[in-house]
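Take a moment with this structure before reading on.

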Amino acid sequence: MAIKFEKLSYIYSPDMPYATKAISDIDLEISEGKITAIIGKTGSGKSTLIQHLNALLLPSSGTLTIADFTITSDKKPKGLKALRRKVGLVFQFSEYQLFEETILKDVAFGPKNFGFSEEEAIARAKEALGLVGLDESYYERSPLDISGGQKRRAAIAGILAIDPDIIVLDEPTAGLDPRGTKEMIALFSALNKKLHKTIILVTHDNEIVYESADEVVLLEDGKVVCKQDAHSFFEDRALLKSHAIIEPKIVKLKDLLMDKGLKLDNIYSIQDLAVALGGNHE
Amino acid sequence: MVLYMGIMKNVVEVKDVYFAYEEDNDALKGVSFAVEKGTYTTILGHNGSGKSTIAKLISGLLVAKSGEILIDGEILNERSIESIRRKLGIVFQNPDNQFIASSVREDIAFGLENYCVDPEKMDAIIERYAALVDMKDKLEKEPTNLSGGQKQRVAIAGVLAMQPQIIIFDEATSMLDPKGKEEIKKTIHDLHSDRALTIISITHDIEEALNSDYVIVLNDGKLYKSGRPEDTFKDKEGIEAIGLDIPFTYKVAFALKEKGIMIRDVAKIEDLAEEIWRSSLKN
């Protein structure tokens, strides 16, 4: 399912005096089957960009192609519902959108809305809850009675129950505690590696990008600065410096050590570093 | 918490506090701690550990089931709440729940107006605090035209403008981008540099905790431990077992120790690099 933006621009309030061009002339291809992180400062256009992916926003100009779907400014894509089954969008703080009496009902709402029978919707909901690590003891509980991290996972299950090929997550770890964050990273890695979902991740946390993403798209002032392999992106010191991007800590440490004259190669984690340095000592 | 023979004054004292949102399910189960005047204290704990409940109790937004809270030596109760609120400001996590006026300027002015600040002096005060949080050029903007991070900076300016003795940050930076986070953390540190202001920061940011004076760790509504950050984070197993993390520099030191490389625990990555470099020269 290739995703291709061509000369895509979006203007908020186009006919008003305070019209703002949120993204402009986006040319971008997002790779199928990978975890792609979209990064950039607040206001760089990340949220605007991803809201095009299931046609919540229609471009002011340009084209977005997702497999057989073409989205342009002058027409709503044919089969909008089919598109939204292909692309699941998990909003920032999605747990605020839980509303049903029980967790199972809440997760089953999506598939029911897409026309699945009650029975099948429930079956899909159970499967999705299993994927996010909420077992059957959670089915009949109120979504209000579980922790923030669990709520967030229940909300994600609501999207997974529709079984989209592409899952877009806007700041999925914001506000989670360290354990919740680890579980979330494990979840989207598993969705990608085991179920071969294309994952698009919007995040401010470069530690998470470095740990989990295959590719990085950097946005600045509504434009794509670059799209690159995650490891090589964070090794390009000049690029990071010129765009004021904070290095992941392990990269910073490695850089400092190399500046001091230590020879280090292929260091991507604390464990890599320990092994490399431990080797030097033997 | 360490007391220096009564020299340091406790500006917040929490004594055996219980609180329950619903019957038979205590969110806080007898929590006691003290915060010394002029310190930067961080409160850590997993989601649901009771951190935010503590913040709301201290600022009088919730009332404890039992136990006692003293602010600046005064017992917090219905009679003292008004005077105590003047001493204490709180910045919450979600910026959308805090923006009340229709422009940045008015939002910062809101509290000042309530406290009858001379309107002629008000603009200077507003501009000073707006500049501190880097929002001076956005004073006439409407909240709808601001990002979450910008709104949060306005909320912080609004609290700062009231010149409280104590400011509680309840995960106030968790929604900002990394640069925004660093700016706010620097702002808080700068504000705290003369030690006149007491900062209590509820956070998941381990690095922030490492750079604070004291850490209070809550787990399931109870005090897990409190003390200096360097002592707190030595307990890697315990801290990780309650769903928290230890700082990056400590993690590296632990991983190297397992490979037989002994280095000191340090807070800064620069110092860590220096430690590793020195140890590599010895071999």
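Which residue stands opposite Ile199(B) in β8(B)? That residue is Tyr40(B). This is a predicted model, where local features need pLDDT of at least 70, side-chain atom pairs count only at pLDDT 80 or more, and totals for chains, interfaces and linings use all residues. Residues are numbered from 1 along each chain as its sequence is written, while chains are lettered from A and ligands numbered from 1 in the order in which they are written.

Helices (H or I, at least four residues) and strands (E, at least two) are DSSP runs, numbered from the N terminus. Two strands pair if DSSP finds at least two bridges between them. Strand β3 (residues 40–44) of chain B pairs with β8(B) in the parallel sense, over four bridges. Strand β7 (residues 166–170) of chain B also runs parallel to β8(B), joined by five bridges. Here Ile199(B) is the bridge partner of Ile167(B).

Now look at β8 (residues 198–202) of chain B itself. Five of its five residues are buried, so the strand is largely enclosed by the rest of the structure. Buried means that 20 or more other C-beta atoms, placed from the backbone, lie within 10 Å of a residue's own. Thr198(B), Ile200(B) and Ile202(B) point one way. Ile199(B) and Ser201(B) point the other way.

Next, find the two chains. 34 residues of chain B are in contact with 32 residues of chain A. Contact means C-beta atoms, placed from the backbone, within 7 Å. On the side of chain B that touches chain A, α11(B) gives the most, with seven residues.

Conventions:
Two residues are in contact if their C-beta atoms, placed from the backbone, lie within 7 Å. A residue is buried if 20 or more other C-beta atoms lie within 10 Å of its own, exposed if 12 or fewer, and partly exposed in between; C-beta atoms are placed from the backbone.
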